[in-house]
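Dear colleague,

Please find the structure below, handed over for your use. My findings follow it.

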Amino acid sequence: MKISGAKAIVECLLEQGVDTVFGYPGGRILPLYDALYDGAIRHIRTSHEQGAVHAADGYARASGRVGVCIATSGPGATNLVTGLATAYLDSVPLVAITGQVSTNLIGADAFQEVDITGITMPVTKHNFLVKDAAALPEIVRLAFKIAASGRPGPVLIDIPSDIQSTMIEFCPEDKSLSPIVQPELSEKGSALLDKATAAISAAQRPVMIVGGGAISAGVYEQVIALAEKMCVPVVSTLMGLGVFPSDHPQFLGFTGMHGSKVANHAVHGADVIIAIASRFSDRVTSNKSKYAENKMLIHIDVDPAELDKNIATHIGLAGPLQQLLPILCKRVQCEKREQWWTVIKGWQEKFKVHHSTELLSPQWMLQQVSAATAGKPVIFATDVGQHQMWAAQCLHLNAPRSWITSGGLGTMGFGLPAAIGAQVAEPDKRTICLVGDGGIKMTGCELFTVASENLPLITIIVDNSCLGMVRQLQQLFYKQRYSASLAPVKMDFVCFAKAFGIDGSLATNQQEFKQALTTALASDKAHVIVVKIPVEDLVVPMLAPNSSLDTHMDI
Ligand SMILES: Cc1ncc(C[n+]2csc(CCOP(=O)(O)OP(=O)(O)O)c2C)c(N)n1
């Protein structure tokens with residue numbers, strides 16, 4: 001069958017099970033937009049290409065399927081870069097399709113020509129510039145395979161406009177060709193698992209750390225089964241939240257710079273760490289040499305490049321977690337670890353957190369949100385800043401893929417478009433976006449997409465009239481010299497929402513917030529809630545840069 005390259009792209013997307021793509025049109029991608037016009041795939045036009053790539057990212061994180069975004073050449077393509085880097089650092093499977101000037105103009109500094117494969121090389125798992133139209137279907141199929149296999153990540157396909165228009169012979173995918181086969185566990189791997197088993201049996205104070213890779217690999221039950229059998233305390237990285245239910249008796253919260261004191265003390269005091277698909281980022285370890293002191297580190301990850309990258313481990317095991325965790329679970333002994341749990345319980349008592357029950361504090365607000373959504377299918381997506389850390393600390397996250405946040409790159413502007421992607425991917429769940437008054441100014445234009453698609457998204461703007469996280473660092477480390485972090489003008493975000501035809505409520509006290517939340521949850525329409533909190537509220541606990549996990553700042 002002879003069809004155009006553009007039509008072949010659509011056919012390939014359908015083969016891959018793609019139901020929705022997020023994008024923004026322009027000259028060099030018009031052949032593909034023309035092929036999309038027939039409507040076999042839902043296309044969601046965002047307000048900005050950054051919105052499209054973050055939405056595709058949120059779609060992927062919420063569903064586990066590959067997210068797809070489309071942009072034109074030149075500025076359209078460069079607008080994807082931050083989103084690709086965000087997905088790359090959090091290992092999110094994406095396929096980004098960009099238009100390119102026609103092949104005879106490449107290298108001529110043609111109108112809207114940019115070397116996007118060169119630009120995105122360091123922030124994609126792989127990228128392609130398609131020069132031969134006949135190769136297009138295979139490249140699209142390969143892009144999906146690369147994005148989703150092993151350690152997932154974003155892949156970009158740059159397609160010159162003439163390639164999109166060329167007629168090619170299209171054959172449906174031969175699914176029997178090179179399927180991904182999990183290798184058998186090698187002898188060396190088995191010996192390392194034995195070593196890990198022995199170390200865990202001999203441990204007096206073991207702790208398990210769950211990272212975001214456990215979500216990508218879909219090994220939630222295996223992680224819980226392993227932790228329960230070993231009876232170890234469990235902490236999570238920011239990216240791993242949701243794997244372990246926050247109300248599980250073995251769960252101590254998240255660890256790292258703004259992690260819970262109990263979680264950080266447990267990691268600091270552990271003699272054996274079992275890290276599952278966590279990359280020991282600097283936010284998690286703080287001071288690396290103090291982190292590694294007096295303990296054995298066991299690291300299990302799908303990506304061999306992660307082993308010993310950030311911290312030297314004693315036992316490093318690379319391979320598919322679906323295979324490794326059940327074997328480890330079978331081999332480890334059941335232990336009670338009573339002494340260790342007595343110490344942990346002592347810390348839980350000592351570091352019990354008491355929040356004000358009267359003020360509209362972020363902690364109180366997040367507890368209300370958790371209580372009002374308990375047992376209901378919800379997804380939380382955050383932007384970056386103080387509100388993100390408060391959310392990680394206070395929300396009850398009891399399901400994997402219910403927590404969407406930019407952990408690695410820390411991209412402000414991510415929250416709202418990612419929430420849009422999540423809401424589209426999981427229409428039977430309610431997505432709640434938490435964003436600061438700074439972040440909403442970056443990609444708030446995507447409320448237009450919320451309105452256009454009639455999405456029932458709830459957006460909570462945590463308005464402290466400043467770039468809170470920056471202000472916090474300036475208060476603590478720059479002698480309260482608030483350079484460029486305070487808002488000289490107050491913005492009316494309810495009015496902003498209304499400009500897009502979206503209902504909004506202002507909450508300046510507890511009663512108003514409860515009312516606004518009830519209204520938003522009862523409605524099947526989008527709602528924006530603006531929560532006014534004091535400019536002075538700080539995220540605690542906090543580790544000073546490069547300090548040990550047991551030395552929280554006194555603030
Ligand atoms: C794109 C981008 N620019 C700058 C930063 C640095 N940064 C991190 S948090 C933050 C402040 C965020 O302010 P706001 O959105 O109001 O959230 P809050 O911290 O007040 O909750 C800034 C500027 C960033 N993470 N991303």
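An oxygen atom of the ligand lies 3.0 Å from an N or O atom in the side chain of Asn464. Please note that the model is a predicted one.

Two further contacts of the ligand involve the protein backbone. A nitrogen atom of the ligand is 2.7 Å from a backbone N or O atom of Gly410, and an oxygen atom of the ligand is 2.9 Å from a backbone N or O atom of Gly438. The ligand is surrounded by 17 residues, of which Gln386, His387, Gly410, Gly439 and Gly468 are the closest.

I also examined two helix pairs. The axes of helix 3 (residues 49-63) and helix 5 (residues 81-89) come within 7 Å and cross at roughly 20 degrees. Because angles under 35 degrees count as roughly parallel, helix 3 and helix 5 are roughly parallel to each other. Their crossing is right-handed. Helix 3 contributes Gln50, Val53, His54, Asp57 and Arg61 to the contact, and helix 5 contributes Thr82, Gly83, Leu84, Thr86 and Ala87. By class, this contact of helix 3 with helix 5 has three nonpolar, five polar and two charged residues.

For helix 9 (residues 187-202) and helix 15 (residues 321-331), the axes come within 10 Å and cross at roughly 45 degrees. Helix 9 and helix 15 are therefore oblique to each other, and their crossing is right-handed. Ser190, Leu193, Asp194, Ala196, Thr197 and Ile200 in helix 9 meet Leu324, Ile327, Leu328 and Arg331 in helix 15. By class, the contact of helix 9 with helix 15 comprises six nonpolar, two polar and two charged residues.

Kind regards

Definitions and conventions:
Residues are numbered from 1 along each chain as its sequence is written. This is a predicted model: local features need pLDDT of at least 70, side-chain atom pairs count only at pLDDT 80 or more; totals for chains, interfaces and linings use all residues. Side-chain values use heavy atoms; hydrogens and water are left out. Axes are lines fitted to C-alpha atoms, for helices over the stretch in contact, and angles run from 0 to 180 degrees between N-to-C directions. Helices (H or I, at least four residues) and strands (E, at least two) are DSSP runs, numbered from the N terminus. Angles under 35 degrees count as roughly parallel, over 145 as roughly antiparallel, 65 to 115 as roughly perpendicular and the rest as oblique. A crossing is left-handed if the near helix is turned anticlockwise from the far one by less than a right angle, and right-handed if clockwise. Contact means heavy atoms within 4.5 Å. Ala, Val, Leu, Ile, Met, Phe, Trp, Tyr, Cys and Pro count as nonpolar, Asp, Glu, Lys and Arg as charged, and the others, Gly among them, as polar. A residue is near a molecule or strand if one of its heavy atoms lies within 4 Å of it. A polar contact is a pair of N or O atoms within 3.5 Å; within protein, one must be able to donate a hydrogen and the other to accept it, and residues adjacent in sequence count only if both atoms are side-chain atoms.
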